[in-house]
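Open the model in your viewer and keep the selection panel at hand.

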Amino acid sequence: MINWEEILEKTILVREFEKLIQTLYHTDCIQSPVHLSIGQELTAVLMSEFFKDGDHLVGNYRSHALALSISDVFEPIILELLAKKDGVSGGKAGSMHLSVPSKNLMWT
């Protein structure tokens, strides 16, 4: 059964995360271009709701929402956005190529 309250909470969390990225981008602490997924959160959250272990995902442009929706841990994603070596791709992929290897989301 679909828990619509959890879906709404996750959708809002992704939106607020994106708004924070939008604010931080102008401070230059995010060194790569960003393409926000504001307005596309619900699609990603619903995809994550039906995601099963062993499934593979391929995202493309504006992949923040997808990565955030399926991830259990946000820290590697945040560190990747900040180009830190502990980021999910060692800080080299940035915003445009987020991944969640533990959930089979390869670079987008």
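How many helices and how many strands are there in the protein? Colour by secondary structure: there are 4 helices and 0 strands. Helices here are DSSP runs (H or I, at least four residues) and strands are E runs of at least two, numbered from the N terminus. From that terminus on, the order is α-α-α-α.

This is a predicted model: local features need pLDDT of at least 70, and side-chain atom pairs count only at pLDDT 80 or more, while totals for chains, interfaces and linings use all residues. Residues are numbered from 1 along each chain as its sequence is written, and side-chain values use heavy atoms, with hydrogens and water left out.

**Whole chain**

Zoom out. The C-alpha atoms fill a box of roughly 40 × 30 × 20 Å along the principal axes. The radius of gyration, taken over C-alpha atoms, is 13 Å, which agrees with the value near 13 Å for a compact globule of 108 residues. That globule rule is 2.2 Å times the number of residues to the power 0.38. Of the 108 residues, 40% count as buried, meaning under 20% relative accessible area with a 1.4 Å probe, protein chains only.

**The core**

Select Ile 21, Ile 77 and Leu 105. Of the 21 residues in the largest nonpolar core, these three touch the most other members. Such a core is a set of buried Ala, Val, Leu, Ile, Met, Phe, Trp, Tyr and Cys residues joined through side-chain atoms within 4.5 Å. Two or more residues each come from α1 (4-25), α2 (41-50), α3 (64-70) and α4 (75-81). The largest share, 5 residues, is from α3.

Stay on Ile 21. Leaving out residues up to four places away in sequence, Ile 21 touches Ile 30, Val 34, Leu 36, His 64 and Leu 81; contact means heavy atoms within 4.5 Å.

Next, select Phe 17 in helix α1. Is Phe 17 buried or exposed? Phe 17 counts as buried because its relative accessibility is 13%. With the sequence neighbours up to four places away left out, Phe 17 touches Leu 68, Ile 78 and Leu 81. Draw a distance to Ile 78: the C-alpha atoms are 9.7 Å apart, across 61 residues of chain.

**The pocket**

Finally, show Gln 40, Ala 44, Asn 60, Arg 62 and Leu 66. Of the 13 residues lining the largest pocket, these lie nearest its centre. Both α2 and α3 give two or more residues to the lining, and the largest share, 3 residues, comes from α2.

Definitions and conventions
Buried < 20%, exposed > 50% of the residue type's maximum accessible area, 1.4 Å probe, protein only. 1 Å grid on protein atoms, 1.4 Å probe; cavity = no way out; pocket = protein on both sides within 12 Å on 5 of 7 lines; lining within 4 Å.
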